[in-house]
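Visitor: I have a structure open and would like to go through it bit by bit. Can we start with how some of the helices pack?
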2 protein chains.
Amino acid sequence: MKLIPVIMSGGVGSRLWPVSRETHPKPFMPLPDGQNLIHKTFVRATALDDVVEVLTVTNRELFFKTEDEYQRAAKVRGPQSFILEPFGRNTAAAVAAAALQLESVHGADAQMLVLAADHLIADQIAFAQAVKKAQVLAAEGWLVTFGIQPEYPETGFGYIEADKASTLQGGLKVQRFVEKPDLATARNYVAAGNYYWNSGMFCFRVGTVLDELQAYSPDVLEAVRATLSNSRLSEGEAHRCLRLDAESFALVPDISIDYALMERSAKVVTVPCDIGWSDIGSWNAVSELTAADENGNRCVGEVLAHQACNNYVQSNGRLTALVGVEDLIVVDTSDAILIAHKNSAQDVKHIVAQLKKSGHSAHLIHQVVHRPWGAYTTLEEGERFKIKRIVVKPGASLSLQMHHHRSEHWIVVSGMARVVNDERELMLDTNESTFIRAGHKHRLENPGVIDLVLIEVQSGDYLGEDDIVRFEDIYGRADC
Amino acid sequence: MKLIPVIMSGGVGSRLWPVSRETHPKPFMPLPDGQNLIHKTFVRATALDDVVEVLTVTNRELFFKTEDEYQRAAKVRGPQSFILEPFGRNTAAAVAAAALQLESVHGADAQMLVLAADHLIADQIAFAQAVKKAQVLAAEGWLVTFGIQPEYPETGFGYIEADKASTLQGGLKVQRFVEKPDLATARNYVAAGNYYWNSGMFCFRVGTVLDELQAYSPDVLEAVRATLSNSRLSEGEAHRCLRLDAESFALVPDISIDYALMERSAKVVTVPCDIGWSDIGSWNAVSELTAADENGNRCVGEVLAHQACNNYVQSNGRLTALVGVEDLIVVDTSDAILIAHKNSAQDVKHIVAQLKKSGHSAHLIHQVVHRPWGAYTTLEEGERFKIKRIVVKPGASLSLQMHHHRSEHWIVVSGMARVVNDERELMLDTNESTFIRAGHKHRLENPGVIDLVLIEVQSGDYLGEDDIVRFEDIYGRADC
């Protein structure tokens with residue numbers, strides 16, 4: 001029985017700003033143990049039995065970053081494939097695209113296990129057992145949801161009402177899906193005993209989900225089918241990559257898989273489970289991952305406290321001092337700081353909305369920018385200068401390029417660089433430097449087997465990223 | 001009648017951490033209007049009538065910085081003099097040293113006006129009028145204090161009890177000095193009408209204060225006299241500079257001028273005044289200098305707020321987001337953030353004490369370090385590299401030096417540099433760079449008439465500031 005975990009890597013996680021940003025969203029946010037959620041999700045998925053490939057549906061801007069994470073997670077690169085969206089189009093479109101592609105590769109009997117890239121599951125063994133149960137039900141033609149045993153009357157989740165009389169092989173028939181309830185209703189749900197948190201994870205046969213989509217949301221299925229026929233598929237050594245055509249994808253209805261299918265189909269069951277699930281939906285959930293000290297403060301990074309209690313602090317290099325404060329969330333990043341009351345953790349998204357509205361870039365980017373050849377961090381910008389720390393992966397190369405207005409000074413702090421500077425080619429060893437005059441064609445390459453780290457100091461009258469003329473690029477794309 | 005404002009630039013202002021630091025203390029802290037307290041104090045002092053010179057008593061580490069401020073404040077450099085302390089020894093020692101020096105230069109009839117470098121006085125006209133009154137009294141042999149009309153029952157100041165029946169030429173005889181009271185006592189003082197805040201400013205004849213010190217604290221006077229006879233006096237074009245000998249200064253009793261003299265002498269009067277005085281004693285006082293928005297938030301720098309009120313935020317380049325919080329003080333600097341409740345503003349000093357105890361440098365230095373030749377800012381430190389922005393003043397020069405373990409790469413971003421690199425001497429124009437190999441003697445100089453700004457990238461295995469061998473230094477001191 002072939003199983004294909006489908007990792008859905010969608011939303012931005014604006015309630016986790018300023019760490020989560022549009023170009024570095026929630027799945028990539030490092031947790032206190034140093035790992036991020038997409039890394040954990042990938043490891044969790046590949047550890048299951050019967051997995052023949054892992055399919056990831058994500059934004060195309062996150063492709064290189066996601067691949068880097070998977071490479072870090074897996075010692076041997078297993079069969080991976082990607083569906084790259086030009087923009088988010090909700091979950092029905094993503095599930096349909098995955099199902100159609102998997103049908104053509106693995107056939108209608110293959111099973112999809114739909115997972116969110118940004119959830120945490122603490123109990124891998126219980127999770128694997130739940131998946132086994134789901135697979136049995138999926139093989140019989142059910143659309144299987146995973147219902148989380150509620151621990152408390154949470155008002156931030158949807159609930160699944162199950163029919164406890166209808167047991168079938170570890171599952172329960174679903175009576176209905178209910179929206180996020182108010183507190184009183186949530187309490188009733190928990191007391192009733194047959195309500196579960198809707199985790200947004202699913203398991204089904206490829207054939208079943210396509211048939212049911214055809215029956216209940218044929219418009220979605222048709223529009224996705226049209227998109228696929230216009231999209232570019234590239235097949236590499238170990239992975240398949242489908243880049244969805246933007247024009248036709250824009251015509252797919254923007255609807256969730258819950259609305260499009262789950263709430264309509266009669267074939268829906270749930271596998272109740274207790275797997276240590278969390279959707280890491282706010283800073284309060286993140287704070288739970290760090291142990292509290294004797295004053296209830298949970299601190300990641302260097303913190304000094306004086307008569308302060310029950311605070312969560314996450315800092316990055318800077319010292320944070322708390323004096324006489326309680327119940328605060330403090331999250332410090334290189335360009336923005338959040339200070340929120342714990343009771344207002346959900347409202348952080350309003351800050352992101354304000355930033356977006358005002359055209360501020362702090363919701364968008366971090367100072368670290370990932371590129372196919374590595375990454376760069378803008379360390380400092382000032383009048384007439386900009387300083388970057390550039391990491392080039394072994395064997396990687398930046399495009400051959402030229403700037404009209406800026407000179408660049410490169411200083412190798414570790415590794416070895418091969419540099420094309422105008423007509424010359426030279427090798428730079430650690431501690432050596434070179435100077436690229438404005439108007440000179442140049443290329444930077446790492447010929448070695450360890451990371452090349454260099455400091456670039458740009459100087460000149462104009463230092464915008466758009467002062468670049470590219471001549472050759474091995475990645476066939478714009479880079480920096 | 002000669003008047004010499006004596007600016008006492010002493011304490012650290014640890015309640016204003018993280019902006020105020022040991023090497024960049026409270027008088028140098030920029031206020032929202034861009035000026036700092038010592039600048040304001042100097043301008044206020046020089047604007048008075050009869051001023052023949054301004055004498056500043058400060059720590060020798062703050063000499064260059066103080067001079068820079070005065071130069072910025074005064075279009076024409078007036079007669080300035082300095083007494084430089086090797087370490088703080090309380091106010092009696094400072095006043096005695098100033099009085100002894102002024103006696104030898106201006107005679108016993110000259111009048112001293114003792115001012116704190118870190119107080120704010122909003123009403124310059126009322127201040128000048130109060131000084132005039134004080135001068136009349138001082139000429140008659142009184143030790144004059146300035147009693148601030150209390151606005152509310154402050155518990156953080158000492159009070160002066162005056163005899164309202166004893167009016168003499170705009171002054172009142174002082175009955176006693178009282179320590180910081182509790183709230184109930186403070187209320188009684190304000191209600192009584194003859195209690196004033198002790199501002200710590202004084203006016204007296206040089207001869208009077210020396211006679212009274214001889215009478216009430218002869219040990220202080222003798223020890224300071226001995227220190228002066230061991231100290232080095234240098235007289236320049238426009239200023240006199242007395243560097244106190246550390247060994248003998250350490251023998252001076254550590255006592256305030258209030259204890260040593262004011263509370264003992266029978267010749268003490270007070271001039272009641274209403275001059276808009278504030279000792280800027282905590283972040284609450286600083287926050288008052290910025291207007292509140294409609295939610296009561298007072299913000300310096302870029303701040304976004306959602307359901308947040310009555311907060312004070314002072315940031316420096318980074319965006320601060322407040323969500324659902326109130327009555328907080330948030331002060332962000334490049335290496336440390338303070339988050340305090342307004343009611344705990346006085347407790348910030350405990351954080352500084354903790355830092356000191358643990359040997360942390362965040363109480364000590366800022367990233368900007370001032371030197372006689374200019375200043376440098378550490379922009380970034382990482383594995384095997386350190387990046388500084390260096391500003392060299394026109395005509396200034398760093399010492400001829402050498403490093404064993406690090407190479408230095410210099411990139412000129414504005415101005416012109418003259419560089420000695422081993423046996424070569426070269427001129428570097430804007431956008432040009434050079435490379436100083438480890439082990440090579442080198443010197444950096446600004447031959448031009450505008451600031452030289454350069455980026456220095458250090459690379460190597462060891463980047464400590466102590467890897468430096470100095471050969472020549474035009475300032476006769478250790479610099480960097």
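Visitor: How do the axes of H3 and H7 of chain B cross?
Guide: This is a predicted model. In it, the axes of helix H3 (residues 90–106) of chain B and helix H7 (residues 218–229) of chain B cross at roughly 60° and come within 9 Å.

Visitor: What do you call that arrangement of H3(B) and H7(B)?
Guide: The word is oblique: angles under 35 degrees count as roughly parallel and 65 to 115 as roughly perpendicular, therefore H3(B) and H7(B) are oblique to each other. Their crossing is right-handed.

Visitor: Which residues make the contact?
Guide: On the H3(B) side they are B:Ala92, B:Ala93, B:Ala96, B:Ala97, B:Leu100 and B:Gln101. H7(B) brings B:Val220, B:Leu221, B:Val224, B:Arg225 and B:Leu228.

Visitor: And how many of the residues in the contact of H3(B) with H7(B) are nonpolar, polar or charged?
Guide: That contact has 9 nonpolar residues, 1 polar and 1 charged.

Visitor: What about H3(B) and H6(B), at what angle do they pack?
Guide: H3(B) and helix H6 (residues 206–216) of chain B pack at about 130°, and their axes are 9 Å apart. Angles over 145 degrees would count as roughly antiparallel, so H3(B) and H6(B) are oblique to each other.

Visitor: Is the crossing of H3(B) and H6(B) left-handed or right-handed?
Guide: The crossing of H3(B) and H6(B) is left-handed.

Visitor: Which residues meet there?
Guide: From H3(B) there are B:Val95, B:Ala96, B:Ala99, B:Leu100, B:Leu102 and B:Glu103. They meet B:Val206, B:Val209, B:Leu210 and B:Leu213 in H6(B). This contact divides into 9 nonpolar residues, no polar and 1 charged.

Visitor: OK, another pair. How do H1 and H2 of chain B pack?
Guide: Helix H1 (residues 37–46) of chain B packs with helix H2 (residues 63–73) of chain B at about 55°, with 9 Å between the axes. That angle makes H1(B) oblique to H2(B). The crossing of H1(B) and H2(B) is right-handed.

Visitor: Which residues does H1(B) use, and which does H2(B) use?
Guide: B:Ile38, B:His39, B:Phe42 and B:Val43 belong to H1(B). In H2(B), B:Thr66, B:Glu69, B:Tyr70, B:Arg72 and B:Ala73 meet them. By type, the contact of H1(B) with H2(B) has 5 nonpolar, 2 polar and 2 charged residues.

Visitor: Changing topic to the chains. What rotation superposes chain B on chain A?
Guide: A rotation of 180°, with 0.1 Å of shift along its axis, puts chain B on chain A with an RMSD of 0.3 Å. The two copies are thus related as by a two-fold rotation axis.

Visitor: Which C-alpha of chain B is nearest the axis?
Guide: In chain B, the C-alpha of B:Leu379 is nearest, at 3.7 Å from the axis.

Visitor: Why do you say the copies meet through the same surface?
Guide: Because 100% of the interface residues of chain B are also interface residues in chain A.

Visitor: Now chain A. What domains is chain A divided into?
Guide: Chain A has domain 1 (3–278), domain 2 (283–357) and domain 3 (368–472). The centres of domain 2 of chain A and domain 3 of chain A are separated by 36 Å, taken over C-alpha atoms.

Visitor: Last topic, the backbone. Where is there a cis peptide bond?
Guide: In chain A, one joins A:Trp17 and A:Pro18, with omega about 10°. A:Pro18 sits in the loop between strand E1 (3–9) and helix H1 (37–46) of chain A. In chain B, the peptide bond from B:Trp17 to B:Pro18 is cis, with omega near 10°. B:Pro18 lies in the loop between strand E1 (3–9) and H1 of chain B.

Visitor: And what is the phi of A:Asn310?
Guide: A:Asn310 has a positive phi of about 55°, although it is not a glycine. A:Asn310 is in the loop between strand E15 (303–306) and strand E16 (312–314) of chain A.

Definitions and conventions: Residues numbered from 1 in each chain as written. Chains lettered and ligands numbered in written order. Predicted model: local features only at pLDDT ≥ 70, side-chain atom pairs only at ≥ 80, totals over all residues. Heavy atoms only, no water. Domains from an automatic or database assignment. Least-squares fit on C-alpha atoms with pLDDT ≥ 70 in both. Contact = heavy atoms within 4.5 Å. Axes fitted to C-alpha atoms, helices over the stretch in contact; angles between N-to-C directions. Helix = DSSP H or I, 4+ residues; strand = E, 2+ residues; numbered from the N terminus. Left-handed = near helix turned anticlockwise from the far one by under 90°. Nonpolar A, V, L, I, M, F, W, Y, C, P; charged D, E, K, R; others polar.
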